[in-house]
Amino acid sequence: MSRIQKTLSALKAQGKTALVPYVTAGDPRPNATVALMHKLVEKGADMIELGVPFSDPMADGPVIQKAVERALEHNVSLDDVLEYVRAFREKDNETPIILMGYLNPIEAEGYEAFASAASSVGVDGVLTVDMPPEESMGYFEALNQVGLDRIFLVSPTTPESRLAAVNQKGSGFVYYVSLKGVTGSNELDAADVARQIERLQDKMDMPMGIGFGIRNGENAYQMAQLGDAVIVGSALVSLIEANAHCDLYEIELALGEKMTEFRAAIDRADALNVQE
């Protein structure tokens, strides 16, 4: 059982929902990443999603795209990201780390070489946005061989055939894209998410992580009542952008305040779920 699976199982047994923050590795500067990861854990993160910079982040919105650009200005590479994880593990060997990125850097490294390197530094799972499960031959085997969880995205428009493939090839948890599938929509529809999660739970046997569009405590409170994990990204990355030219202490302070908001909201939802 991986660290991701152990963490989610332990939290479920306690009636708790995981808080999973996302930050882009190397943003706003390379020497800040490891310290920010530790600050996220200090402020209540149960797992961390670490973005791997790539020059064409097609699935990301403008906030994370700009974060990627800031990282790439410092020439942050996949090898650098793995080094951040290794450094993080010097003080924290418990918190699961998920790499989120795109296929190109992994293919350039080679599936087996990447999987071996990621596992050796303490990565626990990989979410490769543009790797469909139906085409993951080689990728699946390499990650599975070293015990790395394969996390896939699903949405309200994901066809039944792909859901079956995700259930077969995925592990750790399913990442549900919570924004309603209408072009230009940026508002969460909790009722729609509830219906979709119920549908997915009937078809899949993995925990459900809910992400995209979770900007504040109220959003987190709503989603924590529906899934096993709440994933927050742009709300944190925008704070890093706003404080990019500040010293590390000020960036940590801004992130810490927002994480406290998310943690309190999720804990409030968990308390409600226990009462029910």
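## Basis

The model is predicted, and local features need pLDDT of at least 70, side-chain atom pairs count only at pLDDT 80 or more, and totals for chains, interfaces and linings use all residues. Residues are numbered from 1 along each chain as its sequence is written, and side-chain values use heavy atoms, with hydrogens and water left out.

## Sheet

Nine strands make up an open sheet with parallel pairing, in the order β5-β4-β3-β2-β1-β9-β8-β7-β6. The edge positions belong to β5 (149–150) and β6 (153–154), each of which pairs on one side only. Helices (H or I, at least four residues) and strands (E, at least two) are DSSP runs, numbered from the N terminus; two strands pair if DSSP finds at least two bridges between them.

Strand β3 (residues 97–101) runs parallel to β4 (residues 125–128), and four bridges join them. Gly101 has Thr128 as its bridge partner in β4. Strand β9 is joined to β1 by four bridges and to β8 by two bridges, and it runs parallel to β1 and to β8. Within β9, Ile231 is the bridge partner of Val20, while Val230 is the bridge partner of Ile210.

Both faces of β9 are covered: Ala229 and Ile231 on one side, and Val230 and Val232 on the other, are all buried. Buried means under 20% relative accessible area, exposed over 50%, and partly exposed in between (1.4 Å probe, protein chains only).

## Thr24 in β1

Thr24 lies in strand β1 (residues 18–24). Thr24 counts as buried because its relative accessibility is 1%. Its side chain makes a polar contact of 2.9 Å with the side chain of Tyr22. A polar contact is a pair of N or O atoms within 3.5 Å; within protein, one must be able to donate a hydrogen and the other to accept it, and residues adjacent in sequence count only if both atoms are side-chain atoms.

With neighbours within four places in sequence left aside, Thr24 is in contact (heavy atoms within 4.5 Å) with Gly51, Pro53, Ile64, Ala67, Val68 and Ala71.

The largest pocket holds about 500 Å³ of space. Its lining has 21 residues, and Gly61, Ile64, Phe212, Gly213 and Ser234 lie nearest its centre. The elements giving two or more residues to this lining are α3 (62–73), β9 (229–232) and α11 (234–242), and α3 gives the most, with three residues. By type, the lining of the largest pocket has 13 nonpolar, five polar and three charged residues. Ala, Val, Leu, Ile, Met, Phe, Trp, Tyr, Cys and Pro count as nonpolar, Asp, Glu, Lys and Arg as charged, and the others, Gly among them, as polar.

The second largest pocket holds about 300 Å³ of space. Of its 17 lining residues, Val129, Asp130, Leu153, Val154 and Arg162 are the closest to its centre. The lining of the second largest pocket divides into 12 nonpolar, three polar and two charged residues.

On a 1 Å grid over the protein atoms alone, a pocket is an open set of points where a 1.4 Å probe fits, with protein on both sides within 12 Å along at least five of seven lines; lining residues have an atom within 4 Å of a point. Grid points are joined across faces, edges and corners, and a volume is the space filled by probe spheres set on the points.

## Helix α10

Helix α10 (residues 217–224) is largely enclosed by the rest of the structure, because six of its eight residues are buried. The buried residues are Gly217, Asn219, Ala220, Tyr221, Met223 and Ala224. At the start of α10, a side-chain oxygen of Asn216 comes to within 3.2 Å of the backbone nitrogen of Glu218.

## Backbone features

The peptide bond that joins Asp27 and Pro28 is cis, with omega of about 5 degrees. Pro28 sits in the loop between β1 and α2 (33–42).

Asn75 is not a glycine but has a positive phi of about 60 degrees. Asn75 belongs to the loop between α3 and α4 (78–89), and it counts as exposed because its relative accessibility is 62%. Phe212 is another residue other than glycine with a positive phi, near 80 degrees. Phe212 is found in the loop between β8 (208–211) and α10, and it counts as partly exposed at 27% relative accessibility.
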